[in-house]
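The following exercises are to be worked with the sequence and the coordinates at hand. Each task is followed by a solution in steps.

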Amino acid sequence: MKNILKSVICLGTGMLLTTSCSDFLDQTSPSEMFPDVVYNNESFVEQAVTSIYSGLTKDVTYGSRFPFNYSMNTDTEIADAIAEDRVKEVSRRGACNYNPSVDWADLPKSWKEMYSMIEKANSAIEGIRGSSSQSKKMKQYLGEALTLRAMLYFDLIRNFGDVPMKMEPSKSDLSNVDLPKTDRDVIMDQLLVDLQQAADYLPWASANRSTEHITKGFALGLAARIALFEAGYSIRESAKEGYVNLSEKREGQKGYSDATYPTMRPGDAKRTELYTLAAKCLAQVINEGPHKLNPSFKDEWTKINERVLDNAYFENVFEIAHGLDYSGEMGYTAGVRLNTDGVFGKGNSSGAVKIPAPMFYKFDAQDLRRDVTCAPYELRNAEATQTLTNNPFNGIYVAKWDVRLMGDEWKAKNLAKSTKWGYGINWVMMRYSDILLMYAEVVNELVGPTGTADGCALTAKEALRQVRARAFDSANQAAKVDAVVDAAAGSKQLFFNAIVDERALEFVGEAVRKYDLVRWGLLIDKIVVMLDDYRLGILNDKYPAKLWYNEATGVDAWYLINYPSIQWYEEPTGTDYAKSASWFGGVKKSDGTIDYTNANYSAIQFLCNGLIQYDKEATGETGFLGTANVVNRHLLPIGANTLNTNNGAFKNSYDF
């Protein structure tokens with residue numbers, strides 16, 4: 001966004017710099033120097049570490065694929081595909097619906113770029129460790145490189161499963177290049193060691209150390225995130241001795257364990273060890289770090305859209321820096337749909353990330369996060385008029401990214417564009433609300449809702465309360481916060497259920513939910529619940545056929561809807577509302593039966609059909625017909641081009 005992006009833009013050309021692109025042209029690149037020169041000079045080491053960041057901005061990494069295309073579908077966000085042919089495309093749409101193809105060209109591109117950054121990190125780590133200079137600054141750069149490598153490996157694991165583990169630079173004879181896969185738990189165990197070391201070397205975020213850089217808070221938060229994932233369920237290449245099979249612990253679940261590729265988690269002793277480590281890391285962030293919740297959820301997301309770093313609260317623990325007119329699909333792939341060539345310029349957003357209909361109604365009517373998160377409208381025609389979308393099942397956009405908030409500089413750029421371009425909004429890898437909710441989860445698991453972590457006075461219950469309290473105004477605290485949290489604290493299971501629900505409400509669209517559901521063993525179950533909620537909502541007339549509302553007066557056209565006037569829950573009997581738009585209940589016919597041929601309704605039989613089978617015409621409590629393909633196959637295949645160039649070192653599993 002700011003200084004780091006200035007460096008990254010030049011580094012994307014394969015060069016390293018200290019001040020500006022033009023200044024650098026007169027310098028010698030560290031890549032052309034001997035390691036003993038590079039890694040004994042703090043300035044060159046800074047350039048080497050900055051070069052790792054450069055790959056984070058690409059579309060095939062954190063510009064689009066990992067934030068959006070690899071993290072769907074769930075009960076909180078789905079791809080823009082509601083027809084059978086679309087959900088099986090050799091594209092992101094197929095991948096999002098658990099129908100990924102080894103022939104999708106972006107899979108090997110992502111793989112290659114991630115390992116390219118890992119190679120740079122390996123070189124930096126080895127070089128710094130072997131350096132004669134072990135200054136505090138050099139240790140900081142080592143901490144950055146270790147944390148970046150851990151983040152990259154973790155995202156490879158979460159999306160591909162077991163992957164090759166390469167923790168040293170490539171040798172000149174290439175003897176350590178084509179490596180076999182390593183069990184992901186072995187990799188994650190090493191990453192946890194690395195991150196604890198990195199945290200010792202790194203400073204906290206500050207006015208002089210922005211959250212666009214790796215800091216101590218993110219190293220500790222990432223360690224906790226990895227520990228939770230390793231402690232959870234995941235589909236495996238083969239059964240592991242001492243591990244717990246999903247169907248052994250969670251009988252009655254719809255998502256169970258495949259006979260050939262079982263879904264398993266570590267045994268209780270290892271699980272406790274991982275949760276204890278996570279609690280220690282999170283407690284340190286809470287006790288010592290500068291990170292806090294911005295009191296206003298809306299203000300935090302306004303700042304993100306405005307490309308302004310939050311140096312008051314440091315709620316964004318780490319954010320990947322994108323540059324205006326350079327990189328980032330935040331606001332383009334996910335965000336309020338701009339469907340016009342007018343006042344905002346080119347109608348240049350896809351809104352490909354959608355929120356399924358039932359998720360809107362998961363929000364309490366008084367929850368301040370709902371309208372910051374859900375956009376059942378788009379901006380249409382030359383005046384960019386705000387218009388309700390006559391919503392289909394997947395017609396709600398993610399309002400967290402909103403072109404109306406992106407400022408004059410962004411608007412001027414968009415007015416001059418005719419094709420897709422980089423919106424420059426940072427991708428937030430972790431927010432402080434995640435720290436609090438992970439803390440609540442691990443402390444509950446270890447000692448219950450009213451317990452604390454070693455060395456931290458905050459209870460699990462209070463951590464949950466902090467996140468939920470921000471979502472409601474003062475008049476609703478007693479009923480919507482205190483009563484809900486107190487009821488959840490009645491047992492470990494009730495509290496866990498509350499964490500599952502709160503994380504859904506807090507992180508819609510932020511590439512969090514899928515990986516939560518995977519580790520909890522709830523991916524299939526929660527998707528089925530979402531589809532059942534919609535189907536039963538239609539059957540039982542939960543949703544109005546029309547939304548009635550009034551238009552706002554004295555405002556720009558792009559804020560035309562009087563939001564407080566919208567009748568979300570039932571059609572009014574009076575005549576106080578001048579405008580209306582079709583809504584979810586409109587798929588019923590005049591005789592009161594569902595129109596099963598309606599494309600908006602029939603989508604529920606196609607969504608996620610690489611994972612589940614679903615009956616759109618079911619009349620009972622569930623339309624679930626069973627799993628599809630290999631049970632719980634939440635992972636992506638390794639791309640064909642990657643396999644063709646690895647000299648047979650590894651192959652795909654899970655029947656890909």
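**Exercise 1. Cysteines**

How many disulfides does a search of the whole structure find?

*Solution.* The model is predicted: local features need pLDDT of at least 70 and side-chain atom pairs pLDDT 80 or more, while totals for chains, interfaces and linings use all residues. Residues are numbered from 1 along each chain as its sequence is written, and side-chain values use heavy atoms, without hydrogens and water.

Step 1. A disulfide is a pair of cysteine sulfur atoms within 2.5 Å. The search of the whole structure finds zero disulfides.

Step 2. Cys96 is in no disulfide, and its nearest cysteine sulfur, that of Cys608, is 9.3 Å away. For Cys374, the closest cysteine sulfur is also in Cys608, at 18 Å, which is too far for a bond.

Step 3. Accessibility is classed as buried (under 20% relative accessible area), exposed (over 50%) or partly exposed (in between), with a 1.4 Å probe and protein chains only. Cys96 has 0% relative accessibility and is therefore buried; Cys374, at 0%, also counts as buried.

**Exercise 2. Helix α13**

*Solution.* Step 1. Helices (H or I, at least four residues) and strands (E, at least two) are DSSP runs, numbered from the N terminus.

Step 1. Buried residues of α13 include Leu274, Leu277, Ala278, Cys281, Leu282 and Val285. In an α-helix there are 3.6 residues a turn, so residues three or four places apart point the same way.

**Exercise 3. Ser131**

Locate Ser131 and identify its polar contacts.

*Solution.* Step 1. Ser131 is in the loop between α8 and α9 (136-160) and, at 9% relative accessibility, counts as buried.

Step 1. Contact means heavy atoms within 4.5 Å. Beyond its neighbours within four places in sequence, Ser131 contacts Tyr39, Asn40 and Met138.

Step 2. A polar contact is a pair of N or O atoms within 3.5 Å; within protein, one must be able to donate a hydrogen and the other to accept it, and residues adjacent in sequence count only if both atoms are side-chain atoms. The side chains of Ser131 and Asn40 form one at 2.8 Å. A polar atom of the Ser131 side chain also lies 2.9 Å from the backbone nitrogen of Ser133.
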